[in-house]
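Hello,

Here is the structure I said I would pass on. My notes on its helices follow below.

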Amino acid sequence: MTVQLNAYLHFFDDARQAMEFYRSVLGGELTLSTFGDFNASEDPAEQDKIMHAQLTTDSGMVLMASDTPPGMDGTKGTNFSLSLSGDDEPTLRRYFDGLAGGGSVTMPLGPAPWGDTFGMLVDKFDVKWMVSIAPPAA
């Protein structure tokens, strides 16, 4: 079972361009998924926006990003989160609950369109966290 900690950047309609730039500098493999790919928005204007991007470099660095959907904080300078992900469900649930102590859960852990269990919170120090629990490998 694994758990990873990665930076997650939130952009304002230019996640694709930003991540392509980071790939040009850092190298590696870039995967991009849009809101339309996951039927995550009914708004035609959001279909091509990036729901999740992941850049994995040859040296093992991982940088993730998305376009900020409507209703989420859109203030530059606060456009990042820390992401905990992996398939160690008990550990990740414990981290989620622990980090939520004294903070606020903005999205309870629950089923995500891509098949993981996903949730978001802001800890008592105003740091934004995302937790994504993958189903156990078959």
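The buried residues of helix H1 are Ala15, Ala18 and Met19. They lie on the same side of H1, because the arc they cover around the axis is only 95°. Please keep in mind that this is a predicted model.

The partners of that buried side are strands: the buried residues of H1 pack against S1, S2 (29-34), S3 (50-56) and S4 (62-67). As for length, H1 runs over residues 15-26, and its end C-alpha atoms are 16 Å apart, which agrees with the 16 Å that twelve residues should span at 1.5 Å a residue. Just after H1 comes Gly27, with a positive phi of about 75°.

Helix H2 covers residues 89-100, also given as twelve residues. From its first C-alpha to its last, H2 reaches 16 Å, close to the 16 Å expected at 1.5 Å a residue. Thr91, Leu92, Phe96 and Ala100 are buried in H2. These residues sit on the same side of H2, because they cover an arc of only 165° around its axis. The face turned away from that buried side carries Pro90, Arg94, Asp97 and Gly98, which are exposed.

Which strands do the buried residues of H2 pack against? They are S1 (3-11), S5 (80-86), S6 (104-111), S7 (117-122) and S8 (128-133). H2 is followed by Gly102, whose phi is positive, near 80°.

Regards

Technical notes: Residues numbered from 1 in each chain as written. Predicted model: local features only at pLDDT ≥ 70, side-chain atom pairs only at ≥ 80, totals over all residues. Heavy atoms only, no water. Helix = DSSP H or I, 4+ residues; strand = E, 2+ residues; numbered from the N terminus. Expected span 1.5 Å × (residues − 1). Buried < 20%, exposed > 50% of the residue type's maximum accessible area, 1.4 Å probe, protein only. Arc of directions from axis to C-beta. Contact = heavy atoms within 4.5 Å.
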